[in-house]
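Work through the exercises below with the sequence and the model at hand. Each task is followed by a solution in steps.

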Amino acid sequence: MNNLIIFFADYAIFGLFTVLPYLWFTRHKNLALMASASALLTWLIGAFIKDFFYFPRPWPMRLMDGSFPSNHTAAAFALSLSVFFHRRSLGLFLLALSLAIGVSRVAEGVHYPIDILGGAFLGLCVAWIIDKYHSR
């Protein structure tokens with residue numbers, strides 16, 4: 001069971017991002033670009049926070065960077081919410097997958113629950129801002 005959690009925690013984010021080519025090739029190129037931009041900007045902001053505000057990980061010997069926020073969770077939520085704004089049913093599925101990614105990161109021992117909440121909040125905020133500016 002533990003190996004399954006580790007596998008999910010490490011690779012589910014890649015599965016989530018396979019929605020981008022699907023959107024691109026099903027004539028939703030604009031949505032694919034918005035979701036990609038949201039995820040990328042969220043990851044960069046998360047990396048900036050980690051570089052300037054260090055919070056130790058539950059198991060510091062595994063990874064040397066900080067734990068807050070969880071960039072995997074942040075990018076997953078940014079992509080998912082971007083899709084949710086335009087394709088609700090697919091977006092709901094992706095949001096549930098994003099939550100599962102966050103929970104698995106805690107179960108694997110690389111993040112605290114607050115890291116997941118911070119990452120989810122960051123991803124949701126960035127996706128919302130990009131959607132509002134894009135709508136203009």
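**Exercise 1.** Determine whether Arg105 and Glu108 are buried or exposed, and what joins their side chains.

Solution. Step 1: both Arg105 and Glu108 are buried, where buried means under 20% relative accessible area, exposed over 50%, and partly exposed in between (1.4 Å probe, protein chains only). Step 2: their side chains meet in a salt bridge, at 3.8 Å from N to O. The criterion is a side-chain nitrogen of Lys or Arg within 4 Å of a carboxyl oxygen of Asp or Glu. Step 3: Arg105 and Glu108 are three residues apart in helix 5 (residues 88-108), so about one helical turn separates them. Step 4: the structure holds one salt bridge.

The model is predicted: local features need pLDDT of at least 70, side-chain atom pairs count only at pLDDT 80 or more, and totals for chains, interfaces and linings use all residues. Residues are numbered from 1 along each chain as its sequence is written, and side-chain values use heavy atoms, with hydrogens and water left out.

**Exercise 2.** State how many helices and strands the protein chain has, and what share of its residues is buried.

Solution. Step 1: the protein chain has six helices and zero strands; helices (H or I, at least four residues) and strands (E, at least two) are DSSP runs, numbered from the N terminus. Step 2: the pattern along the sequence is α-α-α-α-α-α. Step 3: of the 136 residues in the protein chain, 43% are buried.

**Exercise 3.** Describe how helix 3 and helix 4 pack.

Solution. Step 1: the angle is about 155 degrees and the axes are 8 Å apart. Axes are lines fitted to C-alpha atoms, for helices over the stretch in contact, and angles run from 0 to 180 degrees between N-to-C directions. Step 2: helix 3 and helix 4 are therefore roughly antiparallel, since angles under 35 degrees count as roughly parallel, over 145 as roughly antiparallel, 65 to 115 as roughly perpendicular and the rest as oblique.

**Exercise 4.** Locate Arg27 and give its phi.

Solution. Step 1: Arg27 lies in the loop between helix 2 (19-25) and helix 3. Step 2: phi of Arg27 is near 65 degrees, a positive value in a residue other than glycine. Step 3: Arg27 is exposed, with a relative accessible area of 80%.
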